[in-house]
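Please read it alongside the sequence and the coordinates.

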Amino acid sequence: MVRPDHRRSPGFNEQAFLYRNIDSYYSNFNVTACYSKHISRAVLSHALSSLIKKNYWLSYNFFPICHSEPPNVKNDYELRYVNKICFDSVVSYRKIHHFDEKVLEEINTFKNEVGRDDAPLWQICVFETENTQYVCAYFCHSLADGGTALQFHRDLLHELESFDDVETEIDTLFVYDSKLPPIKRPTESLTDLYYPGFFQRIWYWTQVRFPCVFATLQRVWDLISGNQKKSLPPVFYSVPIEKNLDTKFKIVNFSPAQVAKITKFCRSIGVTLTPFFNVIGLNSIEKVIYPHFPHENGEACFSSSNFIAIDGRRYYKDRFKAFVYGTLVCGAAVIYHPIEAHSDTDLIRCTQEFHQIIQDEIQTRRSFKKVWLMGIIDFPKMMYHKIGSTLRYTTMISNLGKVVDVPLSQWRIVNAWFGSNTSVNYHFIFNMVSTDSGGLNLVIPYHPFYDTIHEEVDGKNIPAMDRLVRLLQDTICRIVG
């Protein structure tokens with residue numbers, strides 16, 4: 001018998017990603033890290049067991065309690081402790097020749113299964129070359145975000161150091177006990193970050209339930225407030241959306257010396273790395289990809305639709321220091337005018353403009369408040385209507401920041417990569433994470449269709465994505481000097 005406080009319904013933010021998991025609209029997101037020391041199965045088993053016991057959030061899974069069609073995740077599922085976690089149920093090993101984009105494609109096929117009583121909603125795959133281990137931790141987004149994944153690696157390093165000298169492997173990492181503490185409440189319910197005010201709720205509710213009425217009210221409000229928006233070209237679109245999680249990847253590395261130059265430059269113009277990379281990335285897409293999708297008049301001028309991940313732990317540190325695990329992020333949706341850069345000055349101006357947009361979102365917390373809508377949106381209907389449409393974001397950018405080494409510790413993260421899939425939501429994604437020794441790794445997941453586009457450059461047939469990556473790298477290095 002499960003104790004009443006060892007079960008609960010999914011929170012509204014959890015519901016969104018839980019539905020995407022169970023109905024196969026999403027596979028996983030992942031952070032892969034190289035550690036400074038080799039890990040034996042014995043050391044890893046003890047470290048994971050200790051880590052789970054110190055963070056019971058890592059022993060949860062969602063379980064079906066009834067079935068409806070289409071799925072109603074709020075009523076059909078509940079969160080509980082799993083019955084048991086064995087080493088082999090959460091850790092696997094694979095041999096590779098080297099870590100590259102093909103390995104990221106392989107990771108993209110992994111899935112954290114809902115309803116397993118022997119595994120939580122995270123797993124590890126250790127990829128091994130002849131000399132190097134790559135520890136990939138992959139997660140279901142319902143209970144974790146990018147900050148969670150990075151914290152998982154940090155905490156695991158601490159545990160690995162504690163058990164550095166053990167030689168005997170343990171098979172059972174966790175066993176359910178009725179004396180365990182109550183299941184933690186949804187992260188979004190432990191803070192006011194995601195809750196709009198009364199009138200905001202009415203406004204958002206109208207937006208979802210009566211979109212035509214909302215559009216009319218929005219136009220009236222813009223007229224009264226003098227906030228009439230400048231007419232923009234249509235948002236970029238290409239191939240219709242299919243329910244297919246296949247994703248291609250590009251890895252772009254910037255050395256520690258280059259990262260130092262980029263950081264210094266961004267500070268000099270009053271911006272962070274996120275808007276800088278997003279604008280340079282957009283500029284590259286605009287110059288390389290857009291021309292292959294001209295309008296009827298032959299022009300290829302598009303606005304962009306951008307989704308910017310904002311980490312509550314990072315930007316509101318004083319309020320959320322204790323929120324180690326769970327989701328504490330949102331996405332700010334930004335429609336942006338064509339960059340049409342004719343000089344580096346244009347790119348800098350756009351970067352500063354984009355930076356101000358992000359700062360406004362951080363200060364107002366507007367996008368966090370909109371997450372409340374997850375509790376009233378009909379997800380099956382929304383996702384069903386996306387199929388066949390072209391309603392993708394042009395870009396999504398998520399910057400996990402820099403991994404800071406623990407002083408005097410022999411265990412360090414010497415390199416890291418952040419991966420995710422485009423799902424049915426994005427054309428291109430810019431995932432960033434950096435380390436002292438490995439520099440900054442920019443992982444670019446993108447829709448496989450763009451691999452079919454080639455261009456003739458100096459008499460050679462060049463894949464458009466190769467040219468896009470080269471342009472992005474060259475532009476960044478040229479601007480920062």
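In which sense do β11 and strand β12 pair, and over how many bridges? The points below begin with the basis of the model and then take up this matter.

1. This is a predicted model, in which local features need pLDDT of at least 70 and side-chain atom pairs count only at pLDDT 80 or more, while totals for chains, interfaces and linings use all residues. Residues are numbered from 1 along each chain as its sequence is written, and side-chain values use heavy atoms, with hydrogens and water left out.

2. β11 (residues 304-311) and β12 (residues 329-336) pair in the antiparallel sense over eight bridges; pairing requires that DSSP finds at least two bridges between two strands. Ile-310 stands opposite Cys-330 in β12. Strands here are DSSP runs (E, at least two residues) and helices likewise (H or I, at least four), numbered from the N terminus.

3. With β13 (residues 393-403), β11 pairs in the parallel sense over three bridges, and Ile-308 stands opposite Ile-397. Seven of the eight residues of β11 are buried (under 20% relative accessible area, 1.4 Å probe, protein chains only).

4. The protein chain is divided into domain 1 (7-176) and domain 2 (232-480), with bounds from an automatic or database domain assignment. Their centres, taken over C-alpha atoms, are separated by 25 Å. In contact (heavy atoms within 4.5 Å) are 55 residues of domain 1 and 46 residues of domain 2.

Terms used
Buried means under 20% relative accessible area, exposed over 50%, partly exposed in between (1.4 Å probe, protein chains only).
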